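Subject: Structure for your review

Dear colleague,

Please find below the structure that I am handing over to you. My notes on the ligand and its surroundings follow.

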Amino acid sequence: MLAIIGGSGLTQLAYLNVTHREVVRTPYGEPSSILSFGRIGCRDVVFITRHGHGHTIPPHLVNYRANIWALAKAAKADGVVSVASVGGIRGDLKPGVVVVPHQIIDYTWGRQATYEDGGDGQVGHVDFTEPYDGKLRQGLLHAAGNVGEPVVDGAVYATTQGPRLETAAEINRIERDGGDIVGMTGMPEAGLAREIGLPYAAVCVVANWCAGRHDSANGIRFDTIEAGLQDSLARVRRIIEHFCEE
Ligand code: HPA
């Protein structure tokens, strides 16, 4: 069972033949949406939409613990592909580009970011040297290649708190830190997946140049960003579809 977490713009998967939907309760509260189960190609797939149906949940209020628990424990997924839109810093990561990141920096704060709350009398420390699952990443890159969709292999995903966008100085700092793309949901999602033992990879669509860069120098309009996303998201759908069929 492959899990897919849909982000901004990807609130459903057109080609997912939904066989049933399930409301899941978790020890951590309610997930962002009901789970939709179905098949793509020869793979069983479960889909959840990160910001809720109708996009009502902002990045800092997403119940990441419930979402990952629902996919790993209730749906028994053995891998998850996260779809997210990001801003681009690195020169080749311009709006419209699809990128499979390989590293993460976490700038978020105040989120429920761990299952290790000491409740079981123990505290575990998972290895997170490579935050994304290598096999899933390679599978996605392969699928993209086979279906003829250009994707960039590797980027450092900086996760900011949001929901406001960054200042130009914050983006300069993130670049100095080594960040290539900026989004608001990559953490704690990836960290929780690692803690619970669920292989995790991300496919990101660059929606805009980050604050202070290129055409964003005079401000970023999120409504125009989202309109431009649809084309790239259609390409992400093709990649995921092919990944499931391989
Ligand atoms: N910053 C943070 N998150 C984002 C951006 C951005 O510029 N674009 C899309 N998600």
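How far does a backbone N or O atom of valine 182 lie from a nitrogen atom of the ligand? In this predicted model, the distance is 3.4 Å. The protein covers 97% of the 260 Å² of accessible area that the ligand has on its own.

Two further backbone contacts deserve mention. A nitrogen atom of the ligand lies 3.4 Å from a backbone N or O atom of serine 85, and for glycine 87 the corresponding distance to a ligand nitrogen is 3.3 Å.

The shell around the ligand consists of Ser85, Val86, Gly87, Leu165, Glu166, Val182, Gly183, Met184, Asn208 and Phe222. By class, these residues comprise 5 nonpolar, 4 polar and 1 charged. At least two shell residues come from each of β5 (79-88) and β10 (181-183), and β5 gives the most, with 3 residues.

Two or more lining residues are supplied by each of β5, β10, β11 (200-209) and α5 (222-245). Here too β5 has the largest share, with 4 residues. The lining divides into 13 nonpolar, 10 polar and 3 charged residues.

Yours sincerely

Terms used:
Residues are numbered from 1 along each chain as its sequence is written. This is a predicted model: local features need pLDDT of at least 70, side-chain atom pairs count only at pLDDT 80 or more; totals for chains, interfaces and linings use all residues. Side-chain values use heavy atoms; hydrogens and water are left out. A residue is near a molecule or strand if one of its heavy atoms lies within 4 Å of it. A polar contact is a pair of N or O atoms within 3.5 Å; within protein, one must be able to donate a hydrogen and the other to accept it, and residues adjacent in sequence count only if both atoms are side-chain atoms. Accessible areas come from the Shrake-Rupley method with a 1.4 Å probe; for residues, only the protein chains shown count as cover. Ala, Val, Leu, Ile, Met, Phe, Trp, Tyr, Cys and Pro count as nonpolar, Asp, Glu, Lys and Arg as charged, and the others, Gly among them, as polar.
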